[in-house]
Amino acid sequence: MKKAFIFLTLLFALSSVFAGGSSEKTASAPVKNVSNIITMAIPVDPDGLDPHVTASASTFQITSNIYESLITVDEQGNLIPALAESWSVSDDGLEITFRLRDNALFSDGRKCTSAEVKASFERLRGEESVRQNDYAFITSIVTPDERTIVFGMDSLNVAALSSFAYP
């Protein structure tokens with residue numbers, strides 16, 4: 001019953017959007033934004049919203065719309081900028097350096113710096129994180145300035161770069 005209600009709510013919201021947002025609309029009246037809330041149907045409830053302590057696919061469906069990864073993957077499978085505007089891999093392949101976007105902000109308007117990124121990855125690598133093994137290849141995290149973060153590894157890891165695209 002709950003899923004049917006969510007589906008009907010989504011269907012109504014979408015039909016309102018495509019119909020112009022208001023049943024009172026006339027041909028000459030501007031379209032009004034009735035609500036900025038949208039309800040979406042998902043197959044199962046997420047088991048939390050903290051990606052450091054949950055690994056379920058349902059949580060991923062939600063958190064990938066809340067949190068931003070350093071890089072992401074486009075429709076063709078190419079790695080593209082996200083929170084990081086650029087990145088480079090050292091000649092020996094043991095360091096990956098990311099340069100954060102200058103305009104990266106948290107939802108409260110605070111600037112996102114390399115210190116926050118470092119703290120997130122340290123938490124991901126922590127004992128309480130279900131993602132600890134996913135980032136075990138990282139041996140050091142250095143933040144030379146507020147927009148640069150350098151991840152060190154003790155051995156080559158061909159999947160390392162794609163790990164930074166995981167939300």
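Which residues does Phe164 touch, not counting residues up to four places away in sequence? I started my notebook with that one. This is a predicted model, and in it Phe164 touches Ser69, Leu70, Ile71, Ile96, Phe98, Phe121, Phe137, Ile138 and Phe151.

**Entry: the core.** Next I looked up the largest nonpolar core, which has 23 residues. Phe164 is among those that touch the most other members, along with Leu70, Phe98, Val117, Phe121, Ile138 and Phe151. I then checked which elements give two or more residues to this core: they are β4 (95–100), α3 (114–124), β5 (138–145), β6 (148–153) and α4 (160–163).

**Entry: Gln61.** I found Gln61 in helix α2 (residues 57–63). Leaving out residues up to four places away in sequence, Gln61 touches Ile42 and Pro43. Ile42 is 19 residues from Gln61 along the chain, and I noted 8.3 Å between their C-alpha atoms.

**Entry: confidence.** Last, I looked up the mean pLDDT, which is 79, with 78% of residues reaching 70 or more. Residues 1–28 have pLDDT below 50, and this stretch has 22 contacts in the model beyond near neighbours in sequence. A reminder to myself: where pLDDT is low, predicted coordinates should not be read in detail.

Terms used: Residues numbered from 1 in each chain as written. Predicted model: local features only at pLDDT ≥ 70, side-chain atom pairs only at ≥ 80, totals over all residues. Heavy atoms only, no water. Helix = DSSP H or I, 4+ residues; strand = E, 2+ residues; numbered from the N terminus. Contact = heavy atoms within 4.5 Å. pLDDT = per-residue confidence, 0-100. Core = buried A, V, L, I, M, F, W, Y, C linked by side-chain atoms within 4.5 Å. Buried < 20%, exposed > 50% of the residue type's maximum accessible area, 1.4 Å probe, protein only.
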